[in-house]
Amino acid sequence: MAFTIAVDGPAASGKGTISKALARELGFAHLDTGLLYRAVGRKVLDGVDPLEAAQALLAEDLENDALRTPEVAQAASKVAVLGDVRAALVDFQRAFARRAGGAVLDGRDIGTVICPEAEVKLFVTASAEVRAERRFRELSEKGIETSFDEVLADVRARDERDMGRAEAPLKPAEDAVHIDTSRLDVDAAFQAALAAVREKQEAQS
Ligand code: CDP
């Protein structure tokens, strides 16, 4: 049976961590849709046309540690404003969302555009400072040289581009459960998300 959990939110809000933990707990498949845009952004940095890159995307393009850099994140949010690029990525995401056995997808427009019929929709947020602090720590651990101020500026620039675009802007679905992780540790955020899923599962049974 299909059961989709749509997890949307801004950069470094904790949506990826929550999504992975939910998928593990429930035995669902997980798709980090940001990787699709990052993989297209990476190719565009190499000189490929954005639409051609999106149309030619392969599963193995997503398994690349080099997609996690700030440079690629910015490139991703620039290609993500392009309607034809977004359209080229829709079918893959929708098929993933409705696969048998359940799926968790995290991104910006999962509950609003890709899967408005998702059984559970979460909107995960945190203050820009908290998010920048988390991302700064992640990047430092990976040996990527940057500063907190640079990361904060990067997060704010992407927030603005992601929320301000005409195509599938970042915004909560009307029926999304909001989780503000600014003051929650990883387990508390996961428990809040799991509670929303359990409530829906119980209502369905
Ligand atoms: O991990 P982080 O939250 O920093 O970024 P990401 O989820 O990997 O997404 C990178 C960029 O891709 C975002 O800034 C968005 O511009 C874009 N994106 C999108 O437009 N729609 C999605 N469903 C997922 C990502």
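This is a predicted model: local features need pLDDT of at least 70, side-chain atom pairs count only at pLDDT 80 or more; totals for chains, interfaces and linings use all residues.
Does Asp159 count as buried or exposed, and at what relative accessibility?

1. Let's begin with the aspartate. Asp159 has a relative accessibility of 9%, and because buried means under 20%, Asp159 counts as buried. Its place is in helix α8, which covers residues 148-164.

2. Now to the pairing of α2 with α4. Helix α2 takes in residues 34-45 and helix α4 residues 70-79; they pack at an angle of about 100°, and their axes are 7 Å apart. Because angles of 65 to 115 degrees count as roughly perpendicular, α2 is roughly perpendicular to α4.

3. From α2 come Tyr37, Arg38, Val40, Gly41, Arg42, Val44 and Leu45, and they meet Glu71, Val72, Ala73, Ala75, Ala76 and Val79 of α4. Sorted by class, the α2 and α4 contact holds nine nonpolar residues, one polar and three charged.

4. Leu45 deserves a point of its own. This leucine sits in helix α2 and touches Glu71, Val72 and Ala75, not counting residues up to four places away in sequence. Between Leu45 and Val72 there are 8.0 Å from C-alpha to C-alpha, while in sequence they are 27 residues apart.

5. Asp159, by contrast, counts as buried at 9%.

6. The other helix pair is α1 with α9. Helix α1 spans residues 15-26 and helix α9 residues 186-204, and the two pack at about 55° with axes 9 Å apart. That angle makes α1 oblique to α9, and the crossing of these helices is right-handed.

7. Which residues of α1 and α9 meet? On the α1 side they are Thr17, Ile18, Ala21, Leu22, Glu25 and Leu26. On the α9 side they are Val186, Ala189, Phe190, Ala193, Leu194, Val197, Arg198 and Gln201. By class, ten residues in the contact of α1 with α9 are nonpolar, two are polar and two are charged.

Methods
Residues are numbered from 1 along each chain as its sequence is written. Side-chain values use heavy atoms; hydrogens and water are left out. Axes are lines fitted to C-alpha atoms, for helices over the stretch in contact, and angles run from 0 to 180 degrees between N-to-C directions. Helices (H or I, at least four residues) and strands (E, at least two) are DSSP runs, numbered from the N terminus. Angles under 35 degrees count as roughly parallel, over 145 as roughly antiparallel, 65 to 115 as roughly perpendicular and the rest as oblique. Contact means heavy atoms within 4.5 Å. Ala, Val, Leu, Ile, Met, Phe, Trp, Tyr, Cys and Pro count as nonpolar, Asp, Glu, Lys and Arg as charged, and the others, Gly among them, as polar. A crossing is left-handed if the near helix is turned anticlockwise from the far one by less than a right angle, and right-handed if clockwise. Buried means under 20% relative accessible area, exposed over 50%, partly exposed in between (1.4 Å probe, protein chains only).
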